[in-house]
Amino acid sequence: MTRECAVLLPGVCAALADPRQPGLDDTCLEKLLDWFRSLTWFDATVELVQDNPCLTELISSVLALADPSPGILAFTLQLAGILASSESRFQHLQQEKLLGRLFGREGPRGGAAWEDASVRSAWLKGVHSMLHHQPALHFLCSTGGMDVIFTLQGDPSLFVASAASQLLVHMFTFSLESETSKALSTKDCEWPACAQMIVKHIEESLQSSSASHIEQSLKLLSSLFGSCFGSCYASWTEVLWSDIAKQIESFLLEETVQAQPVLAELLLNVARSPVFCGTEGSFWALVTSALEHLTPVQAGPLAVGLLKLCKCPQDVRIQALTVLLQPMDCILRAASQPLECAGLLDESVSDPVTVESLLSSKTSCAGLLCQTLAHLEKLLSLKHLRVDLPCVSLLRSLMTILQFCNGFLSPTSPLGSKISRNLINCFRVQKSALDVLAALSEKKDCDTLVGSLFDVLLAYLQSPNTSPTVLKKTFQATSKWLVHLQELSCSNSQRQQTEKILEDVFVVLQKRLCSPCWEVRDSSLEFLTAMVKCLRDQKEFRQCLLSSEVLRLTENLLEDPESYVRASAVTAVGHLALVTCFAPESPAIGNQYNKEGIVAKLQEILSTDSEGFPRRAVISMFTKWLREGCTGQLEDTEQFVSRVIQTVEHDLDWEVRLGGLELVEVFCSQTICQLSQCPYAPVSSAVTSSTPQNELLQVFCRAKLFGFLFGSLCDCDKPVGQRACDVLVGLRGHFYPMSTLENPQEIEDSPAGRGIAWLQRTLRQGSLAQNFPTDGGDGVDFQDPESMMLALGAIDLLELHDELNKSSDHVEESPQSLLQDILAAVRTIEDNEVDCY
C-alpha cells in the first residue's frame, strides 16, 4: 500500500462505519474490495492489518451497529474474508474476536439482516475468500458453518444457491489436498473431516424423500466430478463413485424420480474422469443403462458428450450415436409406406414407440428435432469422430424434414401425416436442418443425392412462403453445396448438371434481388458475394453470371434506401469487379460495368453516403483491391490512395478512418517492396537515379500520407491513433533500420527542425489537438521528403505508442483516486446537509 493511500484509508473507513452516511455506490465498494484482493494476493503478512488498525476498527464498528445496512454489512463480510485469507492475518482477526461474530454462530446468520440475499451471498463469498489455510477450514467446521452452507444450497436466490455449491466444491478439493501424497487404496482410505461431512450430507440427501434435496446433491456430485477429480484424485474418485453408484442406478430405474437431466450430466462428468478409461467395469454398463432408460431428450446431451470422449468404449459410442440418429431414422421410415429405402438404424437403443410418440405430438416434435439436429451439427464439426456417420441416409432424412416443413411431401403413413402436420412452416426446425445440411457439404460420400438436394434447396429459394431468416440459411447451405458441386464436375454429364443448377440459382437470385423485403435483398447480396469468393475462377459460374441480370441489379442496389443493403451491395460490387474489371482477361460486358465507372461510384458513396455501413464497406473493398494488385501501376495506385485518404480523413465514422489507415499500411508495404532493391521485387519504371529511400519518401509525400498519419495520432478515437502510430513506427523502422535516430537538439535551429519540435509538442497534447493542421501549419511541410525524414527520426514515436496503449482509466481508477472519490462523495453529502440546515 502506498503512503498516500495509507493516509486516506482511515477517513474512508470512518465514513463507511458512520451510520449517518447514506450507503455508497455499490460500484465503489466493489472496486474497494478488488483493491484489497490485489493487496492480499501477493502479501500474506500480518502487517497490512497491524499497520492499518482502521480496518479492524471498521469491522468492529459495523458489528456494534444495532441495525447495519445490508450493503455495508455485505461489504464488511467480504472484506473480513479477504483479510483472513492468510493464516497470520486470520489469527490476528481471531485474537480481535471478530471472525466468530461475522462467520460463527453469533454472526448475522440468525438476525434480520440475513433475510437480505446480498448478505447471504456476501457471507458465502467471505468464507470462500478465507478458505486458503487449514485453520480457516477447522474454524468453519467447528462453528456450524457447514450446515449453513448445506441449507443455502437450496436458497430461493439462484445466485446464493450457486455460490453455496461452488463453495462446497472448493472446500471439498481443499480438504483433500493434504491427503494427496498418501498412498491410498480404494478399500481402506478415509475421507478428511470436511470432505467426510460433505460426503455424508450427499448420501443422506440422496436417500431422503425430498426431490429438491436429491436434485441439489446430484448437482453437487456433478460439480465435484466435473471440477475436482483429475488424475491426482483418482483414488478418491473411485471411493466416492463406489459409495453412490447403487443409488444412481436405482434413480435411473425409478420412473418417479424427476432428476434424470441432472443424472445425465453427472454420468458424463464421471465418464471424463481418468479413472474410467478402461472398457471393463460396471460404470460403462450403467452408462449403457442410462442411454436406454432416459428419454430421448434427456439422453441426447449425454450421447453427444460421450461421442466427444476419446476413451469411451466403442460399443458405448455406437449406442450413443444410435440414440442421436433414432429421431432421424423415425422421420425417414415415416416418410413412405412401404419403405422405399433403408433407414439409418438396424436396431434401436430404446423403444422406437417413445420416439414416435414424441414426434407425433405437436408440443414435443419440434423440440426433439431441434435438439437432435444441434447435436448432429456439433458432431459434424469435429475433425476426428471415432464413429462413422451414415451420411447418405442422414442427408436423405434432412431432405425429408425440409420437405415436411414446406409441405412439398405428402406421406401416406399415419405417423408421417402426423409429423408432417407438426412441422409445416416450422421455422426453428427448418433453420436447424439447413445448418446440418450445410455441415454435410464437407462429406465426400453424398454425391448420388446432389440433384435431389438442389431440388429441395431451389424449392425453398423460390417459395414465397420461405421466411427471410430461413431464406438466409438456405442461401448459406446452397453456397456450400455449390462449392462441393464444383469439386465433383469431372465428366460432361456432371458439368451439364452443374451448369443447369447454376442457371436455376441465378434465375432465383435475380428475383430475390428485387424483393420488397430488405432482409431478403441483403441476404441475396451476401449469397452472391459468397459465390464470387468461392467460384469466381470456375468457367460455368462466370458464364452464368455474365449472361444474367445480376450485375445490373446489384449495381442498382448501391442506391437502395436501406443502408445495410447499400453496404452489402458495395461488397458484392467490389467482389464482382474482381471478375468483370480486374481479371487478367476481363470480358466485354458493356460500358456500364467498366473499371472507372465502378471506382467512381464507390468513391461517391465514400464521400456522400449519410450512413456509416456503406462507407465502411467501400474502404474495406478498396483495401482488398489494393491487396490483390487491382489498382494499376505505382503511379495510378498513388493517385488512387491519395484521393481516398483525403476523403476519409474528414469522415465522422472512426471505423472508416481506421479503414483508411489500413489502406495506407497496405500501400506502404507494397510500395516499399516494389521500390526496394530485393532480387524478387519488380522495380517500377518510375525509379530514377535517386535512391530507393528518397523515391519512397517522394511517393509517400505526393500521396499526402504523412499529414493523414500524423493527424490521426491526435484522433479523438483511440484505435485510430494506435493504428496510425503502428504504421509510423513501421515506417521509421524501414527508414532508420539501425536505430540511428536524429537528435532533436541538433535539428532545433533549422526551419524544418523548429516545425518538427512544434509537431512533437502538439502530439504530446493527444486528443486535445484533434483540430490538427495538416496543411503545413507552424512550418511543418508534410509533403516535403526531407522534413518527413527528420520527423520520423526525431519524434519519440515509441513514447507516443506507450501513451496511446495505456488504459484510459490508468489514472482515474488508481486506488488513490478511488479513495479520494469516496471521501469527496462523503464531503459533498455533508456540505449539502449543512446548506439545507
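Analyst: Buried means a relative accessible area under 20%, exposed means over 50%, and partly exposed lies in between, with a 1.4 Å probe and protein chains only. The model discussed here is predicted: local features need pLDDT of at least 70, side-chain atom pairs count only at pLDDT 80 or more, and totals for chains, interfaces and linings use all residues. Residues are numbered from 1 along each chain as its sequence is written, and side-chain values use heavy atoms, with hydrogens and water left out.

User: Is Cys54 buried or exposed?

Analyst: The relative accessible area of Cys54 is 9%. The cut-off for burial is under 20%, so Cys54 counts as buried.

User: How many disulfides does the structure hold?

Analyst: A disulfide is a pair of cysteine sulfur atoms within 2.5 Å. The cysteine sulfur closest to that of Cys54 belongs to Cys13 and is 3.9 Å away, which is too far for a bond. For the structure, the number of disulfides is zero.

User: How many helices does the protein have?

Analyst: Helices (H or I, at least four residues) and strands (E, at least two) are DSSP runs, numbered from the N terminus. The protein has zero strands, and its number of helices is 42.

User: Which residues of helix α10 are buried?

Analyst: Helix α10 spans residues 145-152 and is mostly covered, with six of its eight residues buried. These residues pack against α8 (117-130), α9 (134-142), α11 (158-177) and α12 (193-206), where contact means heavy atoms within 4.5 Å. The buried residues of α10 are Gly145, Met146, Val148, Ile149, Phe150 and Leu152.

User: At what angle do the axes of helix α23 and helix α25 cross?

Analyst: Two packed helices are described by the angle between their axes and the distance between the axes. Axes are lines fitted to C-alpha atoms, for helices over the stretch in contact, and angles run from 0 to 180 degrees between N-to-C directions. The axes of α23 (residues 427-440) and α25 (residues 468-488) come within 9 Å, and their crossing angle is roughly 15°.

User: How is α23 oriented relative to α25, and which class of angle applies?

Analyst: Angles under 35 degrees count as roughly parallel, over 145 as roughly antiparallel, 65 to 115 as roughly perpendicular and the rest as oblique. The crossing angle is roughly 15°, so α23 and α25 are roughly parallel.

User: Which residues of α25 make the contact with α23?

Analyst: On the α23 side, the contact is made by Phe427, Gln430, Lys431, Leu434, Asp435, Leu437, Ala438 and Leu440. On the α25 side, the residues are Thr469, Val470, Lys473, Thr474, Ala477, Lys480 and Trp481.

User: Which residues does Ser432 contact, leaving aside its neighbours within four places in sequence?

Analyst: Ser432 lies in helix α23 and is buried, with a relative accessible area of 18%. Leaving aside neighbours within four places in sequence, its contacts are Cys370 and Leu373.

User: What distance separates the C-alpha atoms of Leu286 and Leu267?

Analyst: Leu286 is found in helix α16 (residues 282-293) and is buried, with a relative accessible area of 6%. Beyond four places away in sequence, Leu286 touches Trp241, Ala245, Ile248, Glu249, Leu252 and Leu267. Leu286 and Leu267 are 19 residues apart along the chain, and their C-alpha atoms are separated by 8.7 Å.

User: What is the phi of Lys97?

Analyst: Lys97 has its place in the loop between α6 (87-95) and α7 (99-103). This residue is exposed, with a relative accessible area of 62%. Although Lys97 is not a glycine, its phi is positive, at about 55°.
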